[in-house]
Amino acid sequence: MISIEDIKFYYKKDAEKFFRKHEAVRQTFKVDVVKVINRDHTEQVNVKPLQGRFKGYSRIAIGGYRIIYKIENGEIIVVDVAYAGSRGDVYKRFQG
């Protein structure tokens with residue numbers, strides 16, 4: 001089983017700015033990513049793989065926020081958080 005300590009989280013500039021203002025959302029996101037990686041209680045996580053020009057990314061919904069991220073496998077799993085923001089504009093502003 002992988003824990004939060006086993007994962008390296010990298011945040012792009014916009015995502016880091018968002019998470020500085022929404023620390024509770026960051027913590028929930030980290031817990032949800034661990035559940036997804038471990039395939040543990042994934043029914044509790046609102047996660048979907050993205051399609052089209054966003055293929056290769058997934059999104060997790062936490063309340064009214066969406067976090068777009070990509071998991072890269074290796075010795076240490078790296079989660080690259082591409083964008084985080086409100087439900088209304090996250091897909092418009094995310095460039096991929």
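Modeller: Let's begin with the chain as a whole and then work our way into the core. This is a predicted model, in which local features need pLDDT of at least 70 and side-chain atom pairs count only at pLDDT 80 or more, while totals for chains, interfaces and linings use all residues. Residues are numbered from 1 along each chain as its sequence is written, and side-chain values use heavy atoms, with hydrogens and water left out.

The chain has three helices and five strands. Here helices (H or I, at least four residues) and strands (E, at least two) are DSSP runs, numbered from the N terminus. Starting at the N terminus, the order of the elements is β-α-α-β-β-β-β-α. Of the 96 residues in the chain, 42% are buried; buried means under 20% relative accessible area, exposed over 50%, and partly exposed in between, with a 1.4 Å probe and protein chains only. If you take the contacts (heavy atoms within 4.5 Å) between residues at least 6 apart in sequence, 47% join residues at least 24 apart.

Now for the core itself. A nonpolar core is a set of buried Ala, Val, Leu, Ile, Met, Phe, Trp, Tyr and Cys residues joined through side-chain atoms within 4.5 Å. The largest one here has 20 residues, and Phe19, Phe29, Val33, Ile67, Val79 and Val81 are those with the most contacts inside it. At least two residues of this core come from each of β1 (7-11), α1 (13-21), α2 (23-38), β3 (58-62), β4 (65-72) and β5 (77-86). The most comes from α2, which gives six residues. There is also a second, separate core of seven residues, including Leu50, Tyr57, Tyr83 and Val90.

Leaving out residues up to four places away in sequence, valine 33 touches Ile7, Phe9, Ile60 and Val79. Take isoleucine 7 from that list: along the chain valine 33 and isoleucine 7 are 26 residues apart, and their C-alpha atoms are separated by 9.4 Å.

Next, step across to valine 79. With residues up to four places away in sequence again set aside, valine 79 touches Ile7, Lys8, Phe9, Tyr10, Phe29, Val33, Tyr69, Lys70 and Ile71.

Some of these names also belong to the aromatic rings. The structure holds seven aromatic pairs. Rings of Phe, Tyr and Trp (its six-membered ring) pair if their centres lie within 6.5 Å; planes under 30 degrees apart count as stacked, over 60 as edge-to-face and the rest as tilted. Phenylalanine 9 and phenylalanine 29 are both buried. Ring pairs join Phe9, Tyr11, Phe18, Phe19, Phe29, Tyr65 and Tyr69 into a cluster.

Isoleucine 62 lies in strand β3 and is buried, with a relative accessible area of 13%. Residues up to four places away in sequence aside, isoleucine 62 touches Val25, Thr28, Phe29, Asp32 and Ile67. Between isoleucine 62 and valine 25 there are 37 residues of separation in sequence, but 7.0 Å in space, C-alpha to C-alpha.

Arginine 26 belongs to helix α2, and arginine 26 is buried, with a relative accessible area of 8%. Apart from its neighbours within four places in sequence, arginine 26 is in contact with Tyr11, Glu16, Phe19 and Arg20. Two of those names, Tyr11 and Phe19, are among the rings of the cluster.
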